[in-house]
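User: I am new to this structure and would like to know how its labels were reached. Please set each value against its definition.

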Amino acid sequence: PTSTPVLGDSVSVSSVSYTTTGGKQQNLHLLDTVSLVNNLGNSVSGASVSITLTHDSGASWNGAGTTGESGSVTFKLNNAPSGCYTSSVTNVTATGLTWNGLTPANNFCK
């Protein structure tokens, strides 16, 4: 017998991670990756994600993107100033899923 795949009904941000790239020390640009999973623990691709990236100076940047096959989307801040960053996910839209509205604790200093 064939079984119907069980689909999730909610989506959450599973992680916010940071790396740097570019420049002599590979730390010129900041890459901020947001990953999504549904309530069954599966990656959510094709979801729209909006974020606000805040620097400890008080400056902030907004970004929007769509998750790929792996359920993640990466935002790039070119020529990112030194200091500490925090990301806040401001919206997630995924077909058939309801976002729980939470951003996991995250911080990155460069």
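User: Why is Tyr85 called buried?
Analyst: Buried means under 20% relative accessible area, exposed over 50%, and partly exposed in between (1.4 Å probe, protein chains only). Tyr85 has 0% relative accessibility, so Tyr85 counts as buried. This is a predicted model, in which local features need pLDDT of at least 70, side-chain atom pairs count only at pLDDT 80 or more, and totals for chains, interfaces and linings use all residues. Residues are numbered from 1 along each chain as its sequence is written, and side-chain values use heavy atoms, with hydrogens and water left out.

User: Why is the pair of Tyr18 and Phe108 called stacked?
Analyst: Rings of Phe, Tyr and Trp (its six-membered ring) pair if their centres lie within 6.5 Å; planes under 30 degrees apart count as stacked, over 60 as edge-to-face and the rest as tilted. The centres of Tyr18 and Phe108 are 5.4 Å apart and the planes stand at 20°, so the pair is stacked.

User: What makes the pair of Trp61 and Tyr85 tilted?
Analyst: Trp61 and Tyr85 lie 6.1 Å centre to centre, with 35° between the planes.

User: How do you know that the pair of Trp61 and Tyr85 ties together separate parts of the sequence?
Analyst: Trp61 lies in strand β4 (residues 60-66) and Tyr85 in strand β6 (residues 84-93), so the pair ties together parts 24 residues apart in sequence. Strands here are DSSP runs (E, at least two residues), numbered from the N terminus.

Terms used. Helices (H or I, at least four residues) and strands (E, at least two) are DSSP runs, numbered from the N terminus.
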